[in-house]
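Hi,

Here is the structure I promised to send over.

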Amino acid sequence: MDKFNIAIDGPAGAGKSTIARLVAGALGFVYVDTGAMYRAVTWKVQQEGLRPDQESEIVAIANRMRIELIPRAEGQQVIVDDIDVTKAIRTTAITDDVSQIASIGAIRQLLVAMQKQMAISKGVVMDGRDIGTHVMPDAEIKIFLTASVSERAERRFKEMQSSGSCTMTLQELEHDIARRDQMDQEREISPLKRAHDAVLMDSTSMSIEEVVDEILGLCKDKVGGGK
Ligand code: CDP
Ligand code: CDP
């Protein structure tokens with residue numbers, strides 16, 4: 001069976017990265033977390049001591065920096081200018097600024113061009129906000145994965161508790177997720193929205209396994225399963 005591409009979009013905490021990684025593993029495909037690229041730019045911007053509204057300086061930095069995404073069994077390793085930032089890009093300081101930086105047109109242009117390049121050889125499962133609409137509009141499978149805000153906040157809360165990095169209350173997390181959803185949905189350039197041909201999956205009361213199985217079922221129905 002020929003390889004194909006899978007686009008998974010949706011709001012924060014919907015389960016995109018967890019599910020995309022497992023689907024890629026099951027099919028022997030490459031997983032690409034595009035959110036990590038926007039986070040990597042945000043990390044560099046903060047390292048350089050810039051504010052997220054210093055657009056021209058941010059664009060100049062982004063044009064000079066080198067982002068490498070290395071697929072690993074446990075997820076995707078992110079290297080910026082030879083520094084491993086895989087963990088550093090997940091802090092709340094980065095999460096606070098990332099959506100503002102992701103709304104800069106020239107930043108999106110730069111990262112989308114890199115993402116399109118990664119998708120050329122097919123056999124890619126890519127997750128983000130604009131994958132089905134802009135990055136891989138011709139992806140064979142498109143999923144718009146969502147869940148209620150309270151469920152997504154609870155998932156993130158549990159995740160933070162189990163990693164011992166819980167610096168926010170459940171209420172603060174819910175507020176943060178709702179704020180980011182709004183910025184991502186309302187930005188001018190390639191906002192978060194369901195592609196007209198994407199399958200809508202509400203995972204509010206679905207387990208990770210159920211979502212993965214449903215997507216693998218779609219792959220079998222549509223393109224014969226992969227590998
Ligand atoms: O994992 P989480 O849902 O918290 O977010 P992420 O996927 O790491 O993405 C972080 C932020 O990057 C999002 O809130 C968006 O503002 C931005 N993003 C984007 O604009 N386009 C993408 N394709 C991926 C992420
Ligand atoms: O990438 P995104 O922000 O959409 O979400 P994620 O980081 O993959 O998932 C957020 C958390 O929800 C993780 O701890 C997942 O294990 C969990 N999750 C869940 O409990 N049930 C699901 N159906 C999907 C994800």
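**The annotated stretch**

Over residues 6–219 the chain is 50% helix and 17% strand, with the end C-alpha atoms 9 Å apart. That range comes from UniProt, where an unreviewed entry places the feature "domain: Cytidylate kinase" at residues 6–219. Keep in mind that this is a predicted model.

**The whole chain**

In the protein chain there are 9 helices and 8 strands. Its radius of gyration is 17 Å, close to the 17 Å that the globule rule gives for 227 residues, so the chain is as compact as a globular protein of that length. The C-alpha trace spans about 50 × 40 × 35 Å along its principal axes.

Of the 227 residues, 48% are buried. If you take the contacts with a separation of 6 or more, 74% of them come from residues 24 or more positions apart. The accessible surface is about 11000 Å², and carbon and sulfur atoms hold 50% of that. As for charge, I get 28 positive and 35 negative side chains, with the centres of the two sets 3 Å apart.

**One residue to look at: A102**

You'll find A102 in the loop between α4 (92–101) and α5 (105–119). Is A102 buried or exposed? It counts as buried, because its relative accessibility is 6% and the cut-off for buried is under 20%. Leaving out residues up to four places away in sequence, A102 touches Y38, R108 and R187. R39 is 63 residues from A102 along the chain, and their C-alpha atoms are separated by 8.7 Å.

Cheers

Technical notes: Residues numbered from 1 in each chain as written. Chains lettered and ligands numbered in written order. Predicted model: local features only at pLDDT ≥ 70, side-chain atom pairs only at ≥ 80, totals over all residues. Heavy atoms only, no water. Helix = DSSP H or I, 4+ residues; strand = E, 2+ residues; numbered from the N terminus. Rg over C-alpha atoms; globule rule 2.2 N^0.38 Å. Buried < 20%, exposed > 50% of the residue type's maximum accessible area, 1.4 Å probe, protein only. Contact = heavy atoms within 4.5 Å. Areas by Shrake-Rupley, 256 points an atom, 1.4 Å probe, with all protein chains shown as cover. Lys, Arg positive; Asp, Glu negative; His and termini not counted. Charge placed at Lys NZ, Arg CZ, Asp CG, Glu CD. UniProt positions renumbered as here; feature names shortened; annotations may be inferred.
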